[in-house]
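Student: I have a structure open and want to learn to read it. Can we go through some features one by one?

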Amino acid sequence: MSAPMVIHEDDFQQFADVCEQLNQDACSRAVFLIDKNGQLILATGEYQYLDTTALASLTAGNIAATDGLAKLIGEREFSALCHKGEHDSLYIAIVASQLILVVMFGDETSEGLVRIRVAKASEHLARIVEDVIAKSQSPSANSPFAEISDDDIDTLFG
Amino acid sequence: MSFINYASREINCKIVYYGPGLCGKTTNLQYIYAKTNPETKGKMISLATETDRTLFFDFLPLALGSIRGFKTRFHLYTVPGQVFYDASRKLILKGVDGVVFVADSQIDRFEANIESLENLRSNLEEQGYDLDKLPYVIQYNKRDLPNVATVEELREVLNPNGVPEFNAVAPTGAGVFDTLKAVAKLVLTELKKGNNH
């Protein structure tokens with residue numbers, strides 16, 4: 001098992017600030033930040049009616065399959081993809097090869113504007129990701145689970 | 001790779017059910033889904049063909065409860081068992097924290113089990129994992145059928161290292177939760193150790 005990615009509150013707040021700004025700047029409906037294994041990190045905007053856990057898992061599956069296709073034709077990765085719907089569309093971009101940024105947008109904006117805003121936000125997010133990874137891998141990074149006991153684990157299973 | 005979020009006080013882990021085609025991986029998840037309290041489970045997603053064969057993966061998010069104030073969530077995935085979906089299987093193993101190998105106990109599936117287990121080991125190696133170092137359990141499924149190999153025969157070939165093993169009849173639920181609990185416990189124990197393989 002590789003080192004867990006640990007996101008602390010200050011990192012989370014930085015991610016949230018960038019995503020909220022992106023949602024405003026791109027005039028989009030919602031922005032999601034997902035890790036490449038399919039776990040949702042955060043959502044902002046109008047997402048309350050969506051199953052965000054399923055969205056995260058399916059997006060990661062989609063990105064994984066797209067990565068596989070890229071490698072088949074000799075590309076390192078396809079950095080972005082767009083799914084166009086009749087009313088709502090999804091713009092999906094990879095951030096720093098680690099995270100996935102998903103922007104859900106409607107007719108009130110354009111794919112072009114979303115793409116430009118995502119490019120700018122991705123640079124900010126990439127810097128935060130580097131910081132998070134460095135902290136997660138530092139020898140002093142303690143897992144919050146380091147002190148749990150076997151009894152704690154047993155209690156979980158009743 | 002597990003994922004710890006201090007802001008939402010959540011820890012997420014990924015468990016993959018692996019095994020040959022029609023061994024009962026999806027049935028395991030369906031039983032867990034059916035028997036889990038609605039508050040603790042998310043929606044089960046199945047990307048299947050028209051004949052209900054798994055095309056890409058099944059996915060079931062499950063919240064087990066809290067440990068020291070951290071909500072513990074397990075994301076359960078199955079892989080497509082059919083041999084020609086190997087590219088999809090490799091993708092789903094990315095970031096795995098624990099593996100359940102579901103073996104089909106029927107004698108005529110003996111070779112398919114061996115082939116699938118070898119495939120698991122080599123696909124994990126491609127991703128930089130060693131099966132012997134991962135939280136890993138084996139389930140001998142379909143124990144209710146008449147033409148099954150004995151557990152001793154299955155163990156000798158599929159479980160020479162003696163990882164935790166369980167007999168199961170997935171449609172009735174026999175052994176299903178025992179298997180899940182065992183692998184979940186191994187994953188949490190590994191997190192406690194803080195091992196980085």
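Student: Let's start with Asp52(B). Is Asp52(B) buried or exposed?

Tutor: This is a predicted model, so every value here is computed from it. Look at relative accessible area, where over 50% means exposed. Asp52(B) has 65%, so Asp52(B) is exposed.

Student: Where is Asp52(B) found?

Tutor: In a loop of chain B. That loop lies between strand E3 (45–48) and strand E4 (54–67).

Student: What is the phi of Asp52(B)?

Tutor: Start with the general idea. Most residues other than glycine have a negative phi. Now the case: phi of Asp52(B) is near 65°, a positive value.

Student: Now Ala96(A). What is its phi?

Tutor: Phi of Ala96(A) is near 55°. That is a positive value too, in a residue other than glycine. Ala96(A) sits in the loop between E5 and strand E6 (99–105) of chain A.

Student: How does Ala96(A) count in terms of accessibility?

Tutor: Use the cut-offs again: under 20% is buried, over 50% is exposed, and partly exposed is in between. Ala96(A) has 39% relative accessibility, so Ala96(A) counts as partly exposed.

Student: Let's look at strand pairing. How do E4 and E5 of chain A run?

Tutor: For pairing, check the bridges and the direction. Strand E4 (residues 80–83) and strand E5 (residues 89–95) of chain A run antiparallel, joined by four bridges. Leu81(A) stands opposite Ile92(A) in E5(A). A hairpin of five residues links E4(A) to E5(A).

Student: Now the whole of chain B. How many helices and strands does chain B have?

Tutor: Five helices and eight strands. Read the order from the N terminus: β-β-α-β-β-β-α-β-α-β-α-β-α.

Student: What radius of gyration does chain B have?

Tutor: Compare the value with that of a compact globule. With 197 residues, such a globule would have a radius near 16 Å, and chain B has 16 Å, so the two agree. The C-alpha trace of chain B spans about 50 × 35 × 30 Å along its principal axes.

Student: What share of chain B counts as buried?

Tutor: Of its 197 residues, 55%. The accessible surface of chain B is about 8,300 Å², and 51% of that belongs to carbon and sulfur atoms.

Technical notes: Residues numbered from 1 in each chain as written. Chains lettered and ligands numbered in written order. Predicted model: local features only at pLDDT ≥ 70, side-chain atom pairs only at ≥ 80, totals over all residues. Heavy atoms only, no water. Helix = DSSP H or I, 4+ residues; strand = E, 2+ residues; numbered from the N terminus. Rg over C-alpha atoms; globule rule 2.2 N^0.38 Å. Buried < 20%, exposed > 50% of the residue type's maximum accessible area, 1.4 Å probe, protein only. Areas by Shrake-Rupley, 256 points an atom, 1.4 Å probe, with all protein chains shown as cover. Pairing = 2+ DSSP bridges.
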